[in-house]
Amino acid sequence: MHTPESEAHRRDAADPGHRHLFHVPPAEGGRHPDVAYLAGNSLGLQPRATRDELVADLDAWRRLGVEGHLEAERAWLPYHELLTAPAARLVGALPTETVVMNSLTVNLHLLMVSFYRPAGERTTIVIEDSAFPSDSYAVRSQARFHGLDPGATVVRLKPRPGSDTLGTQDVLDYLAREGHTVALLLLGGVNYLTGELMDIPAITAAGRAAGAVVGWDLAHAAGNVPLALHDWDVDFAAWCSYKYLNSGPGALGGVFVHERHHGDPSLPRFEGWWSTEAATRFEMTPVSRPPATVEAWQISNPPIFAMGPVRTSLELFDSVGMPALRERSLRLTGWLEELLDEVTPGRPLTVVTPRDPARRGCQLSVRIGTGSANELTKRLRHEHGVIADAREPDIVRFAPVPLYSTYHDCWRVADALAATVPVSARSEPGLRAPQSRTEGGHSR
Ligand SMILES: *Cc1c(COP(=O)(O)O)cnc(C)c1O
C-alpha cells in the first residue's frame, strides 16, 4: 500500500468527527491502543452519555417507586414521547408518524398484521433474495398465517446475472411485469449484505402505482443515509437502534406509519392498553379508543430502561444532524474505497458494494475469493485490532461510521488486509454471480 499512515492522520486532523463522544474498545495488543472499529453496522459503539442517563432513570425508580410514572423528571407514562420528535427528524417523518417500540422483527410482524392483506390475485410478498434471514422467516410465517404456501407467496428478487447487487431498475422491471400480483413489497433500504442503497422514493412510487403496499426495513439505513419517509409516501417502515443508532444490544426499534393510514378503521391491528389514547387510558374501559397516530400500533407499556439509551442516541443524531453526517460519511467511505483499490489488485478480494456513492451508505462489502470470511475477520481482529464483520461464506463487511470512525481506522483496514491476504498468482477475475445465502426460497 503506497498511501502513508501520516496521510490518514492528516485527514483526521482536518475532519475529526465526533469520536470523543464514544467509548472505543481497547485493542488486545499490537501497535495501536484502540481497535479500529468497522462493525458499527452490526452493533454501534456506546455513547459516553448513555451510562449516566440510564443511571438517572434507575435512580428515579429507586427514589419514587410507582410515583415515577408521573413524577420522575422524565415521567415514565409519556416517556416514549421524548423519543418521537428526534426519531421523526432522523427518518424524515411527522412526529405523529413515528414511535419507538419493541424490536425490529416484532415490529415488522405488527405492521404486516395491518399491511399484508392478501386478496384475490394480489397475494405475493416481494423481498430481495439477499434479505436478512429474520425478514425472510417473518414474511414466510406471515404467508402461513394467512393459510398460504410460503414457497408460492414469497418472491425473492435476485440480481441480474453477472451483477452482485439488485438494482433499482430490476425492482421496477419486476413491478412492471408482476405488480398486479404484489400485495406487499418489503425491501431493505440499505442491503445488510452488499451495502447497496435502493432508490427508496422511485421504488415506493412504482410499487404504490402498481397497487401494492410498500414497506421498508431500514435496519441499515436509519442513521446511515438521509431519509424522507413522509415525502416519499412510504406506507410503513421499521428499523432497529443497535446498529447505526448506537443504542445498545437488542435496543428498541422504531416504526413509521404514513399519516394517510392513521385512524383508518378498516386496518386490522393488534391492540393493548398502550394502543388507546393516553388521556383516557386509566379509565380502564373495556373498549379501546385508539389515537389517529402511529401510537395506535403500540401495545404494551415500554421498558423505560431500554428507552433511555435510544433517547440519548437520538439526541446525539439531532445535535449533529444527518446532512452533516452524510457529508462526512461520503468522504470517509470514499477514502476507504480508494485504499481498498490499492490493496485488492492481485489479491482475491472484490468490493461488491456499488461504486456510485449515491447507491450506498457507509458500508463496503468485500468478497473474499479464497478461505473463510470468519477466519479472515478473526485474523484481522487478533493480529491487527481491526473489528470487521463476517457473513459466511465469503463476505467481510467494513463500515466506517461517520460519527466515530476515523481515516486512520480505514487506513488500518487496508494495511491489515494487505498484511493478511497474500497476493495470489491467479486472482479472482472480477465479479461473479452471488450465491443465495438464505433458505432455499422460491424465486421468479
Ligand atoms: C439487524 C437486522 C434485523 C434484526 O432483527 P431484530 O428483530 O432486531 O433482532 C432484521 N432485519 C434486518 C434487515 C437487519 O439488518
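## Where two domains meet

**View 1. Charged partners across the boundary.** Welcome to this predicted model. Between domain 1 and domain 2 there are 2 salt bridges.

View 2. To get your bearings, follow the chain: domain 1 is made of residues 5-47 plus 321-420, while domain 2 covers residues 78-319. Their C-alpha centres are 29 Å apart.

View 3. On the domain 1 side, Leu43, Met322 and Arg359 together provide 22% of the area buried against domain 2, more than any other three residues.

**View 4. Contacts residue by residue.** Across this interface, 31 residues of domain 1 touch 28 residues of domain 2. Polar contacts link 12 residue pairs between the domains, counting pairs with both residues at pLDDT 80 or more. Helix H11 (322-343), strand E10 (364-368) and strand E13 (395-398) each give two or more residues to the domain 1 side. Of these elements, H11 gives the most, with 3 residues.

**View 5. The make-up of the domain 1 face.** Which classes of residue does domain 1 turn towards domain 2? The side of domain 1 that touches domain 2 holds 16 nonpolar residues, joined by 9 polar and 6 charged ones.

Key
Residues numbered from 1 in each chain as written. Predicted model: local features only at pLDDT ≥ 70, side-chain atom pairs only at ≥ 80, totals over all residues. Heavy atoms only, no water. Domains from an automatic or database assignment. Contact = heavy atoms within 4.5 Å. Buried area = accessible area lost by both parts, 1.4 Å probe. Salt bridge = Lys/Arg side-chain N within 4 Å of Asp/Glu carboxyl O. Polar contact = N/O pair within 3.5 Å; in protein donor to acceptor, adjacent residues only side chain to side chain. Helix = DSSP H or I, 4+ residues; strand = E, 2+ residues; numbered from the N terminus. Nonpolar A, V, L, I, M, F, W, Y, C, P; charged D, E, K, R; others polar.
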